[in-house]
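Subject: Structure handover

Dear colleague,

Here is the structure I promised you. Please open it alongside this note. My findings follow below it.

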Amino acid sequence: MNIRSNMSGSLWKLVVKVGDQVEAGQEVAILESMKMEIPIVSEGSGVVETILKDEGDFVQEDEVIVKLQS
């Protein structure tokens, strides 16, 4: 399962790391856009398999940030 950005912005903070268990609705990252902090939450549960972006990277809307293993 892929966790995607819901808007464009800078990846301000990653809340999870590889190997973490994630539940549906859990915050996994925080974007910063127009001086606002926007949480990115998981739509499903699983274990963090890969983190594709680093803190400080710019991400586009709908870009994959984290991949979960079910």
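The accessible surface of the chain comes to about 4,200 Å². Carbon and sulfur atoms hold 46% of that surface. Accessible areas come from the Shrake-Rupley method with a 1.4 Å probe, and for residues only the protein chains shown count as cover.

Before you go further, note that this is a predicted model: local features need pLDDT of at least 70, side-chain atom pairs count only at pLDDT 80 or more, and totals for chains, interfaces and linings use all residues. Residues are numbered from 1 along each chain as its sequence is written, and side-chain values use heavy atoms, with hydrogens and water left out.

**Overall build**

The chain has 8 strands and 0 helices. Both kinds of element are DSSP runs, numbered from the N terminus: helices are H or I with at least four residues, strands are E with at least two. The radius of gyration is 11 Å, close to the 11 Å from the globule rule for 70 residues, so the chain is as compact as a globular protein of that length. That radius is taken over C-alpha atoms, and the rule is 2.2 Å times the number of residues to the power 0.38. Along the principal axes, the C-alpha atoms fill a box of roughly 35 × 20 × 20 Å.

Of the 70 residues, 34% are buried. Buried means under 20% relative accessible area, exposed means over 50%, and partly exposed is in between. Take the contacts in the chain with a separation of 6 or more: residues 24 or more positions apart account for 54% of them. Contact means heavy atoms within 4.5 Å.

Charges next. There are 6 positive and 13 negative ones, and their mean positions are 3 Å apart. Lys and Arg count as positive, Asp and Glu as negative; His and the chain ends are not counted. Each charge is placed at NZ of Lys, CZ of Arg, CG of Asp or CD of Glu.

**The sheet**

4 strands form an open, antiparallel sheet in the order β5-β4-β2-β7. β5 (36–41) and β7 (58–59) stand at the edges with a single partner strand each, so one side of each has no neighbour in the sheet. Two strands pair if DSSP finds at least two bridges between them. β2 (residues 9–14) pairs with β4 (residues 27–33) over 4 bridges. Leu14 stands opposite Ala29 in β4. β2 also pairs with β7, over 2 bridges. There, Gly9 has Val59 as its bridge partner.

Leu11 is in strand β2, opposite Leu31 in β4. Leu11 is buried, at 1% relative accessibility. Beyond its neighbours within four places in sequence, its contacts include Ile30, Lys53, Gly56 and Ile65. The C-alpha atoms of Leu11 and Gln69 are separated by 22 Å.

Ser42 sits in the loop between β5 and β6 (46–51). Is Ser42 buried or exposed? Ser42 is buried, with a relative accessible area of 2%. Leaving aside neighbours within four places in sequence, Ser42 touches residues including Met1, Ile3, Ala24 and Leu68.

Ala24 lies in the loop between β3 (21–22) and β4. Ala24 is exposed, at 54% relative accessible area. Outside four places in sequence, Ala24 is in contact with Ser42, Glu43, Gly44 and Ser45. The C-alpha atoms of Ala24 and Glu61 are 20 Å apart.

Best wishes

Technical notes: Buried < 20%, exposed > 50% of the residue type's maximum accessible area, 1.4 Å probe, protein only.
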